[in-house]
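User: I would like to go through the labels on this model and ask what stands behind each one.

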Amino acid sequence: MSSALIKCLNLAKTVGNATVKSFLAAPKQPWQTCSAAALQTPHVQMPMQMHTSAVRRDLMEFFDDKKNWSENEVKVGRAWRTEELRIKSNKELHQLWFVLLKERNMLLTMEHECNDKMEIFPSPERIDKVKISMENLETVVRERNKAYHLLETGETGERPQKAVKNAFGLQVSYKACEHALPPFMNLKWIKSRNIGFGGRAVNRFLLKYREKLYNAKRKAKNRSRNEVMMILRRNPNFDLDVLRRQFPDVNVDKLRNEDKIRGHYVPKVGV
């Protein structure tokens, strides 16, 4: 082996040893500290920052606490109100949405399990309270989105919608959607929108449907009129302003002058 080659090898060894020593003597970075801790304790997993409660990595998170399984009633609070949600930040609303979502999944799982076992589901109103809270939260988020879009672009940012008639001739609200193809090329969308309505069957259905709505409105008006009539028959000196506010669709002044409110009996007082 030549002397030049021996000198090169000795120089490489010296440089390599100096580099390794300097790397070991340098202060450790945060990522190196985390890596060393992870290597020393491989079974410990760091919890994610998105979790708002203790991390549970089992399917029991879909079930309620075991102490509530045999109870007939579970004491819970009321639903979140919109005025309470308006004072919270976007981060807090985001966290609360996931908490409500996990609670809804748990309640639906427990309800299905109780129905399967033919047992009573304790406090079923909890599902309604979670549903109301999520609806109020969506309302607050939509209000903030509208305010932001109005400030930046002058538009609400909501999906445009218009009133159209479906295949049965009934008026429905249609919300516009985004499509990858323009309208004149999207044959599937054209076929779905060109429904139209007409014919003897549809006209007959509309006639009976309008008759049903008219009968429901007429019966409701008659019930209110009969109730006012019974109140005036039993209490001739009843406050008319209260009746006008409570029954706005009834002409109280006209009904008071009719003979139907005069009772055919005298109530027994002080007997």
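**Rings, surface and burial**

Analyst: A search of the whole structure, a predicted model, finds 2 aromatic pairs.

User: Why is the pair F205 and Y209 called stacked?

Analyst: Rings of Phe, Tyr and Trp (its six-membered ring) pair if their centres lie within 6.5 Å; planes under 30 degrees apart count as stacked, over 60 as edge-to-face and the rest as tilted. The ring centres of F205 and Y209 are 5.9 Å apart, and their planes stand at 25 degrees, so the pair is stacked.

User: Where do F205 and Y209 lie?

Analyst: Both are in helix α7, 4 residues apart, about one turn of the helix. Helix α7 covers residues 200-234. Helices (H or I, at least four residues) and strands (E, at least two) are DSSP runs, numbered from the N terminus.

User: Which residues do ring pairs link into a cluster?

Analyst: The cluster holds F168, F205 and Y209.

User: What makes Y209 partly exposed?

Analyst: Buried means under 20% relative accessible area, exposed over 50%, partly exposed in between (1.4 Å probe, protein chains only). Y209 has 34%, so the label is partly exposed. F205 also has a relative accessible area of 34%, and therefore counts as partly exposed.

User: Which residues form the nonpolar patch on the surface?

Analyst: F168, F205, Y209 and L213 form it, with about 380 Å² of accessible area together. Patches take residues with over 30% relative accessible area and no salt bridge; like charges are joined within 9 Å, nonpolar side chains (Val, Leu, Ile, Met, Phe, Trp, Tyr) within 5 Å. A salt bridge is a side-chain nitrogen of Lys or Arg within 4 Å of a carboxyl oxygen of Asp or Glu. Areas come from the Shrake-Rupley method with a 1.4 Å probe; for residues, only the protein chains shown count as cover.

User: Is T82 buried or exposed?

Analyst: T82 is at 17% relative accessibility, so T82 counts as buried. T82 sits in helix α3 (residues 82-85).

User: Which residues is T82 in contact with, leaving aside neighbours within four places in sequence?

Analyst: N136 and V140. Contact means heavy atoms within 4.5 Å.

User: How many residues does the chain have, and what share is buried?

Analyst: The chain has 271 residues, and 15% of them are buried.

User: What rules apply to the model and the numbering?

Analyst: Residues are numbered from 1 along each chain as its sequence is written, and side-chain values use heavy atoms, with hydrogens and water left out. In this predicted model, local features need pLDDT of at least 70, side-chain atom pairs count only at pLDDT 80 or more, and totals for chains, interfaces and linings use all residues.
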